[in-house]
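Hi everyone, thanks for coming.

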Amino acid sequence: MKKGRQSVLLAVFAAVALTVSFLWLNPESGREKRSLIVFSAAGLLKPMDELAARFESEHEVKVILNYGGSGELLGKLALERSADVFVPADQKYMADATGRGWIAESTVVPLVSHVPAIAVVRGNPQGISSLSDLSRAGLAVAMGDPDACAIGKITKALLAKNGISGVDGNIKVIAPTVNQLLLYIAAGKADAAVIWEDLVAWGETSESISVVRIPEEQNIVSKITAAVVSHCAGREDAEAFVKFLASEEACDIWRKWGFKR
Amino acid sequence: MKKSGFFRLFLAGFSFIVVGTVFLSIASLLFVDSPDAVIRCLFSEEILYAFRLSLTTAVISTSFVICAAVPVAYLFSRYSFFGKRLMKTILYIPVAFPEIVLGLCLLMFFGSDIVRRLFQTVGLDFVFSKQGIVLAQFFTALPYAIRIIKSAFDGIDPQYEFVSRSLGYTPLRTFIHISLPLAKRGILAAVAISFARCAGAFGSVLILAGGTRMVTETLPIALFLNISYGNMSMAVAAGLMLVVIAFAGMYIIETIESDSDTTV
């Protein structure tokens, strides 16, 4: 009987310990600290992580970053308007969101430019020098899905703008995220892909990927914008964060990761 | 007596809460979007394409999985040899790590120049292709199948095989005529779970086969793509089909298990 009581005590203790450690997983929910949910395009991961950390150190707010393809984020915004700040990779997604009333147009702030470029295998063994080279026979091209991520939409628009046809036959894969494009080029599974130039400014990727710039007159430059989501819980914090993203202080961080004003 | 009644009530109540939570989570798929929109999407070209592709690839993968799993499981179950534990651990690794890592490994190996060219000479190419879907599904489901079939072989009384051998059957004939039929239930269970695993494989398929719309778009990929497009009713339609496939797979296993409960 005594042994039985001991094991019951042990079980109760274990249950309490389990509950405490489970709750501890989300320490911010227990404390009074305010939090801010940011939906950010996955391509902005590096600067956004740093920007959020800087903002947190200056304000009493916990910034929770949710990364995804711009289309995916827009979809999530449609489903549950639980985000406070929205930062898509192209102004088109912002226009979609304001058009549907999820974002007040007056809060939209332009941040930096997103410049498309051609990523090729390191050292450019295929000698790709321009967008029109992508239609060369025998090339393996990876492309972003035009409906799923901003870079896919831009790729399609770039080919149309420059009147380049015949790329379709070279497209070996249409990937839903820009990260996959980087992987396929870095691993040499595809010869070329249109991606954001800033993505390859990062140390890790520049070792396995080379970049071919697209001349300005042929290019379509996206504007990254940030805005406060309508009916968000912490409006003041959200506005402060958006303002911070556009500040001079943030500009240095953007520049460090290859983004231009 | 009274105490055992209370205990039983507690177990029942607790289990009811657990099952209820799982059920409600799954059922909430139905309330994401209006039912008629979802039903329309169920019969859309894209979802039907993904359904057919998932079905064909999963049937092919499952067949390969069973063909590969039966001999390996029999070896593990009947023989002991140097390095067996290490071999088993290696085979079971994919169970414990994210599918997306498996996809990356497969892409690096089967996409490497030498290996890829080797397979291309016999008409196989796994990178960004439907064959890649099968390969990814195969490795996702294989460890589960080996585990189940091994335990089926483990459960056979070695006396039967011994008698068969003593009556003059070779080890191969013993395996085919005695061990395999006795392990039938386990193999059927492995078929069901492999099929469900194959149809539900996502990360490995996405990385190796690329996830191109209407080309390598299986049901899980369709679900992911349509979330990315912000097209919730299509995503829910794909999700519902996956739930049905998973339910069928699990129900078959439960049926097989309860059959063996009553007969043994």
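Let me begin with two terms. A helix here is a DSSP run of H or I with at least four residues, and helices are numbered from the N terminus. A pocket is an open set of grid points with protein on both sides within 12 Å along at least five of seven lines, and its lining residues have an atom within 4 Å of a point. Please keep in mind that this is a predicted model.

Which domains line the second largest pocket? Domain 1 and domain 2 of chain B each give at least three residues to the lining. This pocket holds about 310 Å³ of space. Helix H1 (2–27) and helix H13 (232–263) of chain B are the elements that give two or more residues to its lining. The largest share, six residues, comes from H13(B). You can find B:Phe23, B:Ile26, B:Phe247 and B:Met250 among the lining residues. By class, the lining has ten nonpolar residues, one charged residue and no polar ones.

Let's move over to chain A. Here strand S6 (residues 141–144) and strand S7 (residues 171–175) of chain A run parallel, joined by four bridges. A:Met143 stands opposite A:Ile174 in S7(A). How does the chain get from S6(A) to S7(A), and through which helix? It crosses through helix H6 (residues 150–161) of chain A, and this β-α-β crossover is right-handed.

Definitions and conventions
Residues numbered from 1 in each chain as written. Chains lettered and ligands numbered in written order. Predicted model: local features only at pLDDT ≥ 70, side-chain atom pairs only at ≥ 80, totals over all residues. Heavy atoms only, no water. 1 Å grid on protein atoms, 1.4 Å probe; cavity = no way out; pocket = protein on both sides within 12 Å on 5 of 7 lines; lining within 4 Å. Points joined across faces, edges and corners; volume = space filled by probe spheres on them. Nonpolar A, V, L, I, M, F, W, Y, C, P; charged D, E, K, R; others polar. Domains from an automatic or database assignment. Pairing = 2+ DSSP bridges. Right-handed = clockwise from strand over helix to strand, strands pointing away.
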